[in-house]
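Hello,

My notes on what was found follow below it.

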Amino acid sequence: MTQEKVISVNRLTKKFGDFIAVNEITFDVYKGEIFGFLGANGAGKTTAMKMLCGLSKPSSGQAEVAGFDVYKHTEKIKSKIGYMSQKFSLYEDLTVKENITFFGGIYGLGNKELKRQTEYLIETLGLQSETNKLVGDLPLGWKQKLAFSVAVIHKPSIVFLDEPTGGVDPITRRQFWDLIYQATQNGITVFVTTHYMDEAEYCNRISMMVDGVIAALDTPANLKGKHNVETMDEVFYYLARTAKRKSD
Ligand SMILES: Nc1ncnc2c1ncn2[C@@H]1O[C@H](COP(=O)(O)OP(=O)(O)OP(=O)(O)O)[C@@H](O)[C@H]1O
């Protein structure tokens with residue numbers, strides 16, 4: 001992790017009519033950092049992430065992602081980031097290889113690089129015997145690992161992960177996080193939302209959102225120290241207990 005800022009957010013706000021979904025959030029994320037973006041259901045995480053990915057125009061405030069303005073340079077931002085969400089990642093009705101080729105193509109890899117990356121990916125994930133299997137037939141943990149690898153196939157500056165490991169056990173989640181650490185070794189910055197507090201412990205810093213505002217932002221160790229508790233679960237409970245919003 002360096003002191004080079006790759007995300008810079010200043011009083012970023014999103015309103016839907018009178019409702020303020022994200023209310024003047026301010027933070028920076030540094031190159032190579034794993035930044036955990038936590039919050040109770042409905043806190044505003046997805047809304048904030050959409051603004052940072054250039055998918056939703058802010059109501060007010062400023063933000064730069066990979067050096068580009070979220071109002072003016074959304075296409076440039078999209079070319080510099082990777083994105084993976086639990087809700088959508090890969091095509092279930094395409095094979096492993098077809099998915100890699102499809103997304104590699106969308107991310108702009110040339111034929112030679114695509115071939116090289118496809119072989120590298122299949123080998124490092126140990127998917128040699130699954131290459132021609134439909135992704136829908138893979139176990140969920142494998143799908144998630146493949147989806148992550150595809151999201152960083154074009155070596156983005158930042159990868160946004162929206163609850164990437166939902167529904168799998170702690171050991172599979174741990175293996176997934178090994179891939180995240182590898183990506184950061186290659187200089188990729190990771191911006192991740194999760195509801196799993198074991199994963200929160202793996203982040204360099206955590207931002208905790210409550211009802212549209214950032215209620216706390218620090219390292220897991222400092223957050224635990226500040227609240228005089230042993231686990232991130234307890235920190236989360238302490239901060240989120242006042243939340244008024246519910247999930248949709
Ligand atoms: N397009 C929209 N129009 C109106 N309200 C919206 C819209 N999108 C989100 N909201 C509201 O904004 C709030 C924040 O939603 P958001 O999905 O960002 O929360 P979240 O922290 O990602 O929650 P979860 O963990 O449940 O996904 C919610 O109250 C939601 O109902």
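In these notes a residue is near a molecule or strand if its C-beta atom, placed from the backbone, lies within 6 Å of it. On that basis, 14 residues surround the ligand, and the closest are Phe 16, Ala 21, Asn 41, Thr 46 and Thr 47. Two elements give two or more residues each to this shell, β2 (19-30) and α1 (45-52). The largest share, three residues, comes from α1. By class, the shell has four nonpolar, seven polar and three charged residues; here Ala, Val, Leu, Ile, Met, Phe, Trp, Tyr, Cys and Pro count as nonpolar, Asp, Glu, Lys and Arg as charged, and the others, Gly among them, as polar.

Before you go further, two points on the source. This is a predicted model, in which local features need pLDDT of at least 70 and side-chain atom pairs count only at pLDDT 80 or more, while totals for chains, interfaces and linings use all residues. Residues are numbered from 1 along each chain as its sequence is written.

Overall, the protein has nine helices and ten strands. Helices (H or I, at least four residues) and strands (E, at least two) are DSSP runs, numbered from the N terminus. The C-alpha trace spans about 50 × 40 × 35 Å along its principal axes. For 248 residues a compact globule would have a radius of gyration near 18 Å, and the protein agrees because its own value is 18 Å. That radius is taken over C-alpha atoms, and the globule rule is 2.2 Å times the number of residues to the power 0.38. Buried residues make up 38% of the 248; buried stands for 20 or more other C-beta atoms within 10 Å of a residue's own, exposed for 12 or fewer, and partly exposed for values in between, with C-beta atoms placed from the backbone. Of the contacts with a separation of 6 or more, 69% are accounted for by residues 24 or more positions apart (contact: C-beta atoms, placed from the backbone, within 7 Å).

Strands β1 (5-16) and β4 (60-65) are antiparallel over five bridges, and Val 9 has Ala 63 in β4 as its bridge partner. Axes are lines fitted to C-alpha atoms, for helices over the stretch in contact, and angles run from 0 to 180 degrees between N-to-C directions.

Another open sheet has six strands in the order β6-β7-β8-β3-β9-β10, and its pairing is mixed. Here the edge strands, each pairing on one side only, are β6 (81-85) and β10 (213-218). Strand β9 (205-210) pairs with β10 in the antiparallel sense over five bridges; Asp 218 in β10 is the bridge partner of Ile 206. Helix α5 (140-151) lies across β6 and β7 (158-162), running at about 160° to β6.

Leaving aside neighbours within four places in sequence, Ile 122 is in contact with Leu 127, Gln 128 and Thr 131.

Regards

Key. Contact = placed C-beta atoms within 7 Å. Pairing = 2+ DSSP bridges.
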